[in-house]
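Trainee: I've just opened this one and I'm new to it. Can you walk me through what's in it?

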Amino acid sequence: MRIRCTSASAPRRVGRDERASDCGSSAARPEGAWSAATPTSGTPTEAFIFYPGANVDERAYSKMCRNIAAAGYLVALVPMPDWMAIYGTNRADAVISNHPAITRWSIGGHSFGAVNACWYVTGTGFLTGPGVNQDKINNVVLLAGYPNLT
């Protein structure tokens, strides 16, 4: 199956050296963009939002995200401000609001990104703001992370 990569807008400050990836390419994206991978055939109704680990270039997860998309999912690889998910815990809101046709959402992350994915769902954590998002999210996926709910 072939995968099509696109960009969409979401609140984001481009970090470090002002480079950003589009599903693994080194092409610069406009500020406020995340990477999205979708199957080239069919319209996905399920999606996976992925938060990278702390200080990890989001391009490191591109192959994994493309493989998930090959199974029929929309995958949003969400870069974080200063490469720290703690500063962008609520970025899933923009992804969800920009894809109203998606009926089932999963969120996950690697390491500290996984912790922040849990904080997004439960409304706990340092900078999550008000609101619990359990009504939006159907599944949580943790890669070398833990559900710190305090």
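Trainee: Which residues of α3 are buried?

Mentor: In this predicted model, the buried residues of α3 are Gly-113, Ala-114, Val-115, Asn-116, Ala-117, Cys-118, Trp-119, Tyr-120 and Val-121. Buried means under 20% relative accessible area, exposed means over 50%, and partly exposed is in between, using a 1.4 Å probe and protein chains only. Helices are DSSP runs of H or I with at least four residues, strands are runs of E with at least two, and both are numbered from the N terminus.

Trainee: How many of the α3 residues does that make?

Mentor: Nine of its 11 residues are buried, so α3 is mostly covered.

Trainee: What follows α3?

Mentor: Gly-123 does, and its phi is positive, near 80 degrees.

Trainee: How should I read the numbering and cut-offs?

Mentor: Residues count from 1 along each chain as its sequence is written. Local features need pLDDT of at least 70 and side-chain atom pairs count only at pLDDT 80 or more, while totals for chains, interfaces and linings use all residues, and side-chain values use heavy atoms, with hydrogens and water left out.

Trainee: Switching topic: which residues have the most contacts inside the largest nonpolar core?

Mentor: Ile-49, Tyr-51, Val-78, Trp-105, Ile-107, Tyr-120 and Ile-137, in a core of 19 residues. At least two residues each come from β3 (46-51), β4 (74-77), α2 (92-97), β5 (104-110) and α3 (112-122). A nonpolar core is a set of buried Ala, Val, Leu, Ile, Met, Phe, Trp, Tyr and Cys residues joined through side-chain atoms within 4.5 Å.

Trainee: What does Ile-107 touch?

Mentor: Leaving aside neighbours within four places in sequence, the contacts of Ile-107 include Phe-48, Ile-49 and Tyr-51, plus Ala-117, Tyr-120 and Val-121. There's also a second, separate core of eight residues, including Phe-48, Phe-50, Val-75 and Leu-77.

Trainee: Is β3 mostly covered or mostly open?

Mentor: Mostly covered: five of the six residues in β3 are buried.

Trainee: Which strands does β3 pair with?

Mentor: β3 pairs with β5 in the parallel sense over six bridges, and four bridges join β3 to β4, also parallel. Glu-46 has Arg-104 in β5 as its bridge partner, while Phe-48 has Val-75 in β4. Strands pair if DSSP finds at least two bridges between them.

Trainee: And what do β3, α1 and β4 make?

Mentor: A right-handed β-α-β unit, with helix α1 at residues 62-70. Right-handed means that, with the strands pointing away from the viewer, the path from the first strand over the helix to the second runs clockwise.

Trainee: Where is Asp-82?

Mentor: Asp-82 lies in the loop between β4 and α2, with a positive phi near 50 degrees though it isn't a glycine. Trp-83 is in the loop between β4 and α2 too, and has a positive phi of about 60 degrees.

Trainee: Is Trp-83 buried or exposed?

Mentor: Trp-83 is buried, because its relative accessible area is 8%. Asp-82 counts as partly exposed because its relative accessibility is 41%.

Trainee: Last one: how confident is the prediction?

Mentor: The mean pLDDT of the chain is 78, and 71% of its residues reach 70 or more. pLDDT is the predictor's confidence in each residue, from 0 to 100. Over residues 1-32, pLDDT stays under 50.

Terms used: Contact = heavy atoms within 4.5 Å.
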